[in-house]
Amino acid sequence: EPVISKGNNCLDAAKACNLDDTCKKFRSAYITPCTYSVSNEICNKRKCHKALRQFFDKVPPKHSYGMLFCSCRDIACTERRRQTIVPACSYEDREKPNCLNLQDTCKTNYICRSRLADFFTNCQPESRSVSSCLKENYADCLLAYSGLIGTVMTPNYLNYNNLSVAPWCDCSNSGNDLEECLKFLNFFQDNSCLKNAIQAFGNGTDVNVW
Amino acid sequence: KGRRGQRLKSRDCVLSEIHLNVTDLGLGYTTKEELIFRYCSGSCESAVTLYDQILNNLTQNRKLVSDKIRPQPCCRPIAYDDDLSFLDDDLSTYHILRKHSAKKCGCV
């Protein structure tokens with residue numbers, strides 16, 4: 001299938017979504033609040049997050065992961081993938097908080113707290129395992145990762161050339177907690193279990209799990 | 001009943017669909033995304049009411065003279081499909097189409 005893999009997988013996934021009634025419906029159900037400007041704000045972030053959570057809850061992984069975890073060879077593809085969650089509304093903010101402060105905010109919310117815990121459990125890397133995951137289950141790791149979308153911990157792709165992801169935070173002003181902060185941030189940015197899981201889905205090499 | 005009923009039904013007002021590129025719609029968007037466009041087509045002969053019959057008679061015997069009178073029901077959407085969204089080729093703008101595609105047809 002070299003002909004297929006040369007194309008833009010993220011575009012193909014978007015096409016497939018709009019040809020499916022459920023995916024089409026829940027896609028525009030989040031695009032609408034995530035792009036609708038209210039008073040002096042770029043959007044209603046709370047409504048955008050809620051609709052994004054519904055999208056990943058209701059749409060079968062074949063379509064939702066298809067758009068979020070598509071494999072790419074060029075910038076038109078990676079940029080489309082980065083735009084999947086409408087980052088201007090759901091991700092970016094005026095200020096970048098410290099990751100440990102963001103984690104504290106997350107822990108005050110029931111959904112965010114439990115989904116973050118799932119993510120740390122199911123995407124735990126293990127260098128000695130074949131899959132690079134302690135749990136040896138890519139599907140659970142991707143489910144946990146996508147579960148964070150629509151919480152204050154919403155992650156997204158950082159750049160064009162690799163699968164590095166992070167929530168909207170950094171480790172400046174960490175004081176004595178710098179090491180802990182970097183450990184938290186690197187669990188997103190430099191996580192071989194998560195990267196392998198995304199890659200396996202994108203290449204269709206782990207099809208048995210879906 | 002069976003044969004005649006089926007033949008009538010196939011001419012009746014129904015929902016049909018066609019797979020298109022968004023650019024085929026001629027709305028001026030630049031995108032490579034696609035959609036299923038659903039539309040209403042077919043005859044509304046079997047849905048003629050007494051109202052239509054009277055209008056027909058009145059225009060024929062010239063009690064009513066107006067080219068704006070339509071003495072027959074028309075096959076039109078009575079409900080619209082869900083919204084459609086797509087990413088522009090600039091890779092930063094999303095567009096949303098509303099009431100762009102039929103969901104249910106009726107003779108109205």
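Mentor: Let us begin with N8(A), which is found in the loop between α1 (2-6) and α2 (9-18) of chain A; helices here are DSSP runs of H or I with at least four residues, strands are runs of E with at least two, and both are numbered from the N terminus. The model is a predicted one, in which local features need pLDDT of at least 70 and side-chain atom pairs count only at pLDDT 80 or more, while totals for chains, interfaces and linings use all residues. Residues are numbered from 1 along each chain as its sequence is written, chains are lettered from A and ligands numbered from 1 in the order in which they are written, and side-chain values use heavy atoms, with hydrogens and water left out.

N8(A) counts as buried because its relative accessible area is 17%, where buried means under 20%, exposed over 50%, and partly exposed in between (1.4 Å probe, protein chains only). A polar atom of the N8(A) side chain lies 2.9 Å from the backbone nitrogen of L11(A). Leaving aside neighbours within four places in sequence, N8(A) is in contact with A76(A) and C77(A), contact meaning heavy atoms within 4.5 Å.

Helix α6 (residues 75-83) of chain A also holds R82(A) and E79(A), three residues apart, about one turn of the helix. Their side chains meet in a salt bridge of 3.0 Å, N to O, the term requiring a side-chain nitrogen of Lys or Arg within 4 Å of a carboxyl oxygen of Asp or Glu. Both R82(A) and E79(A) are buried.

Over all chains the structure holds 17 salt bridges. One of them joins R115(A) and D57(A), with the closest N and O atoms 3.8 Å apart; this pair links distant parts of the chain, R115(A) lying in helix α9 (residues 110-122) and D57(A) in helix α4 (residues 45-58) of chain A, 58 residues apart. D57(A) is exposed, at a relative accessible area of 52%. Another salt bridge brings together the side chains of E126(A) and R128(A) at 3.0 Å, N to O, although E126(A) is buried at 17% and R128(A) counts as exposed at 75% relative accessibility. Salt bridges that share partners also join D21(A), K24(A), E17(B), R38(B) and D81(B) into one network.

That brings us to the interface, where 19 residues of chain B are in contact with 19 residues of chain A. Across this interface the rule finds five salt bridges, and the side chains of K15(A) and E34(B) meet in a salt bridge of 3.3 Å, N to O. On the side of chain B that touches chain A, β2 (34-41), β4 and β5 of chain B each supply at least two residues, and the residues of that side divide into eight nonpolar, three polar and eight charged.

Finally, consider two of those contributing strands. Four bridges join β4(B) to strand β5 (residues 94-97) of chain B, and the two run antiparallel; strands pair when DSSP finds at least two bridges between them. Y94(B) in β5(B) is the bridge partner of L87(B). The two strands form a hairpin with six residues between them, and L91(B) in the turn has a positive phi of about 60°. Both faces of β4 (residues 84-87) are covered, with L84(B) and F86(B) buried on one side and S85(B) and L87(B) buried on the other.

Technical notes: Nonpolar A, V, L, I, M, F, W, Y, C, P; charged D, E, K, R; others polar. Polar contact = N/O pair within 3.5 Å; in protein donor to acceptor, adjacent residues only side chain to side chain.
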